[in-house]
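Here are my notes for you to read alongside the model. Keep the 3D view open as you go through the points.

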Amino acid sequence: MRRLVLYIIILLSALNISANSAIIPKLTISGHVKDGKDGEVLIGATIYVKELKTGTVTNSYGFYSISLPAGVYNITYSYIGYNNVFKNINLTKDITLNVDLEETRTTIKEVVITDKRIDENINKAEMGVEKLDAKTIKSIPALMGEVDVLKAIQLLPGVQATGDGNTGFNVRGGNSDQNLILLDEATVYNASHLLGFFSVFNNDAVKDIKLYKGDIPAEYGGRMSSLLDIRMKDGNMKKIRGTGSAGLISSRLTIEGPIVKDTSSFIISARRFYGDSYFKMFPDTMIQDVKIHFYDLSMKLNYTLSDKDRLFLSAYFGRDVFKFAEDFNLNWGNNTETFRWNHLFSKKLFFNLTFLFSNYDYGMKVEQAMMGFKWIANLQDYAIKTDFTFYPNMKNTIKFGFISTYHHFNPGYAKGTEESTYIKELKMPTSNAMEDGIFVCNEQKIDSNLTVDYGLRYSIFQNIGATTVYTFNSNHESLDTIVYEKGKFYNTYSGLEPRISFKYSLNEKSSVKGCYSRTMQYLHLASNSTGGFPLDIWLPSGPNIKPRYCDMYSAGYFRNFRKNTIEVSLETYYKKYKNEIDFKDHAWLMLNQKIEGELRFGKAQTYGVEFMIRKQEGLITGWISYTWARAFKTINEVNDGYEYPSNYDKPHNVSVVANYEITERLSIAINWLYATGAAVTFPTGRFTYGNTVIPVYSERNSYRMQDYHRLDISVTLKGKNKPGKKFYGEWNFSAYNAYNRKNTWMLTFEPDKNDENTMIAYKYYVLPIVPSISYNFHF
């Protein structure tokens, strides 16, 4: 704690507030930047002062503050996809200036490339950060016509899909549990619908998506690889609007509008996937009995109390059901809730108070004679967060605050049915924990070329009873149990997590950047699947599991062309992990009370190079990316202690995403992906011991699946949207895996019927070409 206090003192003393700045009084311009059509605040809008050749950007709530000496200034407000607003201001006192931007309307005959200041990618100190908006995601071809946030994320450099059609993703060699996924700042523990084929995020309710692939801000912690920050729309402040879609097997509807015009608003967005009807078409009565569907509901209210106060309440509810006749029933779901209060203490001090709730639960029921059982499990978070943003002058933006989270873990409880003789009752130990973090960071502009973003996070993790803890010897054999009473704090971990990045401008169109960060992770996912499977078990750090941490170093070159409409970036990174986790061979994870004895610990390293070229405006938009990446682990008692590729080591990845506006009503979009096959362990032989046939396996992950590649195509035909027309729509025709590539989903090995000593591999694939048609409407 002393080091943290000392760091804060050094940070504050580093502020570039000279004696001259004290003599020359500074006046403040502050306010919000919004969409003029619906009143939505714009995140990351640029405010540029022409005379001083500097500026700022709006925060996550559309707020900005900039301090200037008295004088006359020409200020430009800009945002990608919107027309610039120019203000000539004679600054003689502090002023509040709220600005509305109008969306750019580009015709086919006249494509105007405006000189917008959309060069945040070269001027911000942050790196390894990718931004997508709902409009971009909507243009990407979708599986079964269902636009998906996470599938769009998988097309970015440094991001890999965990499986064919799966929404799970790995970032820069990290496991999927190393991604912190936030919906309005509430944690989403399983972001998958339909066993991973769709994500829980409804694109119609999403406003902003930002992926941090390494340079995670100091205000966030708890994960080592990435932060996916998803913000919901606030709701239209001007008028009632609606949008929806009717497809072959799914539909969605969103309604938003003002409660009190320009003061309060709401948005409600619902989805329903009815795969049940698809299986009814099969002649096989067993297939007809399959019931699989999901639904979700996203809601948000916001109310402007005054120019200084605003309240937000958002919630998400989702559920999946997979049922086979009366013999098998699996269901799972997420629930998140966020209550937030924004307050302006002054034109230079912005404050947030946030209360958060998150719940993930699942249940499985098997009706089978002798072996029937019911299994339930859940994980809950209750959190409070405060964060301040202080704008002391034009050269510094300081953020500080804390977050405290209470975790409750119920990894599994199973009880046999009345007829069951195999399972009577089995309960894994429940547990609780407190995870706290305090942070401070500053973005400092040293001069016109050099900007440094530095910060520190101090995190504490404490285990709390009531629970039962098993002790193990050096051979991972259980020795004894320790029972802790309710409310007992019995174990504590803590650590400092420094973060620093810099940007140095080579000229107006290019810059170089560098970054170092340390991240710690106290929660760990026990799973043998690659992502999306709902029966995953989250385990807290404790006496038997140390927290993992990662040191990441990265550097990059960034260049813009053609008035900032084409962005080019080249980044490289190296990550070193300590206390990394893997499982012993043939680990038993399901309903294992002593699951910690199945874990093995060691170290890991990942490194790679990412290249991307992106075009954001014009008739043709999209990007091309290439990633070369490696990921290795060295775990005691796994692979005889030798280094081996991790499950997500895929050296070569290519993504091509393009959207072509042929006419004002007709557009075509494609994306093509290629990835090296995943590293896997294969059986290489077998032998007979007594009456038992025992397989012999290769070294850990010494083989690879077939390389993965896929082409998706979509065509969108828009209806005529004449001025004053209240209802209009568009047809979307798409083909997922257009050239019917049979990508491997699973391999199984079975003995040859003619020679039991010979093994034959059988390949399974789940997604051939999948055509779909949907109708999207707006009113």
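1. Some ground rules. This is a predicted model, where local features need pLDDT of at least 70, side-chain atom pairs count only at pLDDT 80 or more, and totals for chains, interfaces and linings use all residues. Residues are numbered from 1 along each chain as its sequence is written, and side-chain values use heavy atoms, with hydrogens and water left out.

2. Now the rings. Rings of Phe, Tyr and Trp (its six-membered ring) pair if their centres lie within 6.5 Å; planes under 30 degrees apart are stacked, over 60 edge-to-face, and the rest tilted. Searching the whole structure turns up 33 aromatic pairs. One of them, Phe388 with Phe400, is stacked, at 5.0 Å centre to centre with 10° between the planes. Phe388 belongs to strand β25 (residues 373-393) and Phe400 to strand β26 (residues 396-416), so this pair ties together parts twelve residues apart in sequence. Strands here (E, at least two residues) are DSSP runs, numbered from the N terminus.

3. Have a look at Tyr607 and Trp628 too: that pair is tilted, 5.9 Å centre to centre and 45° between the planes. Tyr607 is in strand β38 (residues 599-615) and Trp628 in strand β39 (residues 620-635), so the link spans 21 residues. Tyr607 is partly exposed at 26% relative accessibility, and Trp628 is partly exposed at 33%.

4. There's a group to find as well: Phe727, Trp731, Phe733, Tyr775, Phe777 and Phe779 form one aromatic cluster.

5. Which ring does the charged end of Lys151 sit over? That of Phe198, 5.7 Å from its centre. To count, NZ of Lys or CZ of Arg must be within 6 Å of the ring centre and within 35 degrees of the ring normal. Arg340 lies over the face of Phe312, at 5.9 Å from the ring centre.

6. Finally, the cysteines. A disulfide is a pair of cysteine sulfur atoms within 2.5 Å, and the whole-structure search finds zero. For Cys441, the nearest cysteine sulfur is that of Cys515, 13 Å away; Cys441 is buried, with a relative accessible area of 10%. Cys550 is in no disulfide either, with the sulfur of Cys515 nearest at 11 Å, and Cys550 is buried at 1%.

Notes
Helices (H or I, at least four residues) and strands (E, at least two) are DSSP runs, numbered from the N terminus. Buried means under 20% relative accessible area, exposed over 50%, partly exposed in between (1.4 Å probe, protein chains only).
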